[in-house]
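This report goes through selected local features of one protein model. Please keep the sequence and the coordinates at hand while reading.

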Amino acid sequence: MYDYKDAQETLIALKKFLHTAPTTAIVSGSGLGHIADAIENSITINAKDLPNWPGSTAPGHEGKIIAGTIAGRDVIMLQGRVHYYEGHNMKAVTFPVRVLGMLGVREYIATNASGAINPDYKPGEIIAVRDHINLMGANPLMGANDERWNVRFPDMSRAYDPEILRILCDMGLKSGVYAAFMGPSFETPAEIRAAGIMGADLAGMSTVPEVITANAMGMRAAVLSCVANMAAGIEPDKTLTAQEVLDNMKASSKNVAKIITALIGAL
């Protein structure tokens with residue numbers, strides 16, 4: 001399942017709902033669903049109404065698809081994503097990205113929640129991801145390759161589009177390296193120390209499989225990572241909770257929406 005034929009079936013169903021041809025996709029992370037408020041002339045699609053679309057069980061991921069305009073550009077937003085830790089395989093995790101690529105999306109802008117490894121980052125800060133370290137133990141391109149989607153060995157040396165990254169940094173955002181863990185348990189202090197030694201500034205449990213897939217399909221990728229907390233061990237004796245993540249993401253949602261609106265206007 002989740003092969004090219006399934007994606008074609010999903011694409012046909014999705015197009016029946018759409019009145020535009022979106023060129024930019026936005027994916028909202030945990031608790032960031034309010035980014036949808038920035039979309040004008042919007043229509044909302046329940047992902048359950050699309051065949052083959054994988055369902056999310058993660059808190060703060062609503063499973064809706066919203067299409068409309070931002071800064072005059074046709075956009076489509078996934079209000080939530082599915083995660084590897086939910087028990088989905090990588091083909092399911094990246095299936096929505098495949099469908100978006102086949103729809104004609106050129107820019108893939110994702111948001112997520114993260115824990116700060118870099119002590120210079122603070123909860124509530126929004127970081128432009130410039131590179132990643134995949135510690136999930138799997139790659140979404142594993143298995144039989146379909147040349148209709150991507151070449152066997154796609155280049156990842158510019159996984160995060162340099163031009164988009166420059167625009168974000170010109171807005172005053174810091175940039176950092178995101179380490180993706182499998183989850184769903186938060187990382188241990190030792191794992192965070194190891195990731196920091198490897199060069200990671202942020203830790204999270206999502207996004208990297210989608211970015212790999214988006215790049216493989218020729219889309220320009222960008223990620224805004226919202227610091228939800230300091231990663232394990234950075235603040236001694238601090239206990240990490242999912243509720244803290246959701247609370248901080250809700251507080252960051254309006255700022256993320258402003259950044260995305262400005263970014264899309266600059267593309």
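The text below covers a pocket, an aromatic contact, the cysteines, some backbone geometry and a set of C-alpha separations.

The model is a predicted one.

**Pocket**

The second largest pocket has a volume of about 210 Å³. Its lining consists of 16 residues, and Tyr2, Lys91, Arg98, Ala144 and Trp149 are the ones that lie nearest the centre. By class, the lining of this pocket divides into nine nonpolar, three polar and four charged residues.

**Aromatic contacts around tyrosine 4**

Trp149, named above among the residues nearest the pocket centre, also takes part in a ring contact. Two aromatic pairs are found in a search of the whole structure. One of them brings together the rings of tyrosine 4 and tryptophan 149, whose centres are 5.6 Å apart. The planes of these two rings stand at 55°, so the pair counts as tilted; edge-to-face would require an angle over 60 degrees.

Where do the two partners lie in the fold? Tyrosine 4 belongs to helix H1 (residues 4–17), while tryptophan 149 is in the loop between strand S6 (126–135) and helix H4 (162–170). The pair therefore ties together parts that are 145 residues apart in sequence. Tyrosine 4 is buried, at a relative accessible area of 16%, and tryptophan 149 is buried as well, at 12%.

The ring of tyrosine 4 has a further contact, with a charged group. The charged end of arginine 148 sits over this ring, 4.0 Å from the ring centre.

**Cysteines**

A disulfide is a covalent bond between the sulfur atoms of two cysteines. How many disulfides does a search of the whole structure find? The count is zero. For cysteine 169, the closest cysteine sulfur is that of cysteine 226, and at 15 Å it is too far for a bond. The criterion is a pair of sulfur atoms within 2.5 Å. Seen from cysteine 226, the closest cysteine sulfur is in turn that of cysteine 169. Cysteine 169 is partly exposed, with 32% relative accessibility, whereas cysteine 226 is buried, with a relative accessible area of 0%.

**Backbone geometry**

Most residues other than glycine have a negative phi, and most peptide bonds are trans. The residues below depart from one or the other of these patterns.

Asparagine 41 has a positive phi of about 50° although it is not a glycine. This asparagine is part of strand S2 (residues 40–46) and is exposed, at a relative accessible area of 68%.

Threonine 207 also has a positive phi, near 75°. Threonine 207 is placed in the loop between strand S8 (202–204) and helix H6 (208–216). Is this threonine buried or exposed? Its relative accessibility is 1%, so threonine 207 counts as buried.

The peptide bond that joins glycine 183 and proline 184 is cis, with omega at about 5°. Proline 184 is found in the loop between strand S7 (174–181) and helix H5 (189–198). With 55% relative accessibility, proline 184 counts as exposed.

**C-alpha separations**

| Residue pair | Separation along the chain | C-alpha distance |
|---|---|---|
| Proline 184 and glutamate 86 | 98 residues | 7.8 Å |
| Histidine 19 and glycine 68 | 49 residues | 8.6 Å |
| Alanine 221 and proline 162 | 59 residues | 9.3 Å |
| Methionine 136 and alanine 232 | 96 residues | 17 Å |

Histidine 19 lies in the loop between H1 and strand S1 (24–27) and is exposed, with a relative accessible area of 70%. Alanine 221 is in strand S9 (residues 220–230) and is buried, with a relative accessible area of 1%. Methionine 136 is in the loop between S6 and H4, which is also where tryptophan 149 is located. At 2% relative accessibility, methionine 136 counts as buried.

Terms used. Residues are numbered from 1 along each chain as its sequence is written. This is a predicted model: local features need pLDDT of at least 70, side-chain atom pairs count only at pLDDT 80 or more; totals for chains, interfaces and linings use all residues. Side-chain values use heavy atoms; hydrogens and water are left out. On a 1 Å grid over the protein atoms alone, a cavity is a set of points where a 1.4 Å probe fits but cannot get out, and a pocket is an open set with protein on both sides within 12 Å along at least five of seven lines; lining residues have an atom within 4 Å of a point. Grid points are joined across faces, edges and corners, and a volume is the space filled by probe spheres set on the points. Ala, Val, Leu, Ile, Met, Phe, Trp, Tyr, Cys and Pro count as nonpolar, Asp, Glu, Lys and Arg as charged, and the others, Gly among them, as polar. Buried means under 20% relative accessible area, exposed over 50%, partly exposed in between (1.4 Å probe, protein chains only). Rings of Phe, Tyr and Trp (its six-membered ring) pair if their centres lie within 6.5 Å; planes under 30 degrees apart count as stacked, over 60 as edge-to-face and the rest as tilted. Helices (H or I, at least four residues) and strands (E, at least two) are DSSP runs, numbered from the N terminus. A charge sits over a ring if NZ of Lys or CZ of Arg is within 6 Å of the ring centre and within 35 degrees of the ring normal.
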